[in-house]
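Let's take a walk through this protein together, one piece at a time. Have the sequence and the 3D view ready.

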Amino acid sequence: MRILFLGDIVVQSGVSAVCACTPMLQKQYQPDITIANGENAADGKGMTKELYNRLKAAGIDLITLGNHAFSKRAFLFDTDDCMDIIWPANIGTYAPSRPVLIRLVNGKRLAVLNILGNVFMNADYEDPILVTKQILRHISADVILIDFHAEATSEKSIYFQYFKDRVTAIIGTHTHVQTADEKVENGCAFITDAGMCGPYDSVLGRDRNEAMDHAITGCSHYLPSDNASLICGLVIDIDDHTNRAVSIQRIQLRPGPND
Ligand code: FE2
C-alpha cells in the first residue's frame, strides 16, 4: 500500500495549491490513498463543509484535523455530511465522537487516527498516550496511521517510541515547518512534522507584516497571507505481506518566481 499524505493545508492559497497539485502528485506517485491535514484550511483556523467538498473533489480521500478542528463552529453540525474526515479524539467532550476512520484499501483495513499533543498547546487535552491506547484496544485493522498533531518535537518523539511497535505510521503535524528526520523503525514510519501546504512567503501561513505587528504590539486579528503556496507531503510505502512500513519519502514543492 502506498499512502500520499499532505501536511496542514493553510488558508485559501493552500487550498487552491492542493486542489491544483493533487492530480499531478497522484499521477507521479500513484498512491492507493491520499490523506491531507485540513485543520487550517478555513482562513487559517478550521474547516467548512464547502472546503471539505472542494478538497474531496480534488482527489483527497481522507482529511485529518487538529486543535482548530471546530474553530469554525458551524462545522460541528456538518460532520454527518462529511464522513471522510476525522478530528482529534482528545479535542474535548463537546465534539462529536469519531475516534477512528477505517477504510478498505487494496483489500486491507486501514485505520486513521488523529490525536492532539499536550505540550505547549495552550490547552489541557486528555493524555494523548492514554487516549491512543484506549482507541487501539478497540479497533481491528491491518494498517494504522496516526496524525499526531502536536507542537513539541520531544513529545512527538516520545509518542513515536511508545507506539512504533503497534502502528504503521506516525505523522507529526501542526508546526507547519517540514522536518528532515523522516525514518522507519521497527516497521513504523515517522516524521516530526510533515510541513504545510500554505503560503511560502508568510509566517506559517499568516501575513508576515501582520504577524510582526502582533509580535511587537500585541494587536492580533490573524490575517492570512495570499502569497503562492508551497506543498509539503510524504509518500509512505507499506509492505503488503507484513503490513509494516518500509519507506517514507518527503515531498516539498516550492512556488516558482512567477507564481
Ligand atoms: Fe494546529
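## A hairpin to start with

Strand 6 and strand 7 make a hairpin with 2 residues between them, and in the turn Asn106 has a positive phi of about 55°. Strands here are DSSP runs of E with at least two residues, helices are runs of H or I with at least four, and both are numbered from the N terminus. Strand 6 covers residues 101-105 and runs antiparallel to strand 7, with 5 bridges joining them. Two strands count as paired if DSSP finds at least two bridges between them. If you look at Val105, you'll find Lys108 of strand 7 standing opposite.

A quick word on what you're looking at: this is a predicted model, where local features need pLDDT of at least 70, side-chain atom pairs count only at pLDDT 80 or more, and totals for chains, interfaces and linings use all residues. Residues are numbered from 1 along each chain as its sequence is written, and side-chain values use heavy atoms, with hydrogens and water left out.

Buried means under 20% relative accessible area, exposed means over 50%, and partly exposed is in between (1.4 Å probe, protein chains only).

Strand 7 also pairs with strand 8, this time in the parallel sense, over 7 bridges. One of the bridge pairs is Leu116 with His149 in strand 8.

## The iron site

Which residues hold the protein donors of the iron ion? They are Glu39 (OE), Asn67 (OD1), His149 (NE2) and His174 (ND1), lying 2.0 to 2.2 Å from the iron. Donors are N, O and S atoms within 2.8 Å of the metal (3.2 Å for Na, K and Ca); water is not among the atoms, so sites may look incomplete.

Asn67 lies in the loop between strand 4 (62-64) and strand 5 (85-86), while His149 is in strand 8 (residues 143-149), so the pair ties together parts that are 82 residues apart in sequence. Both Asn67 and His149 are buried.
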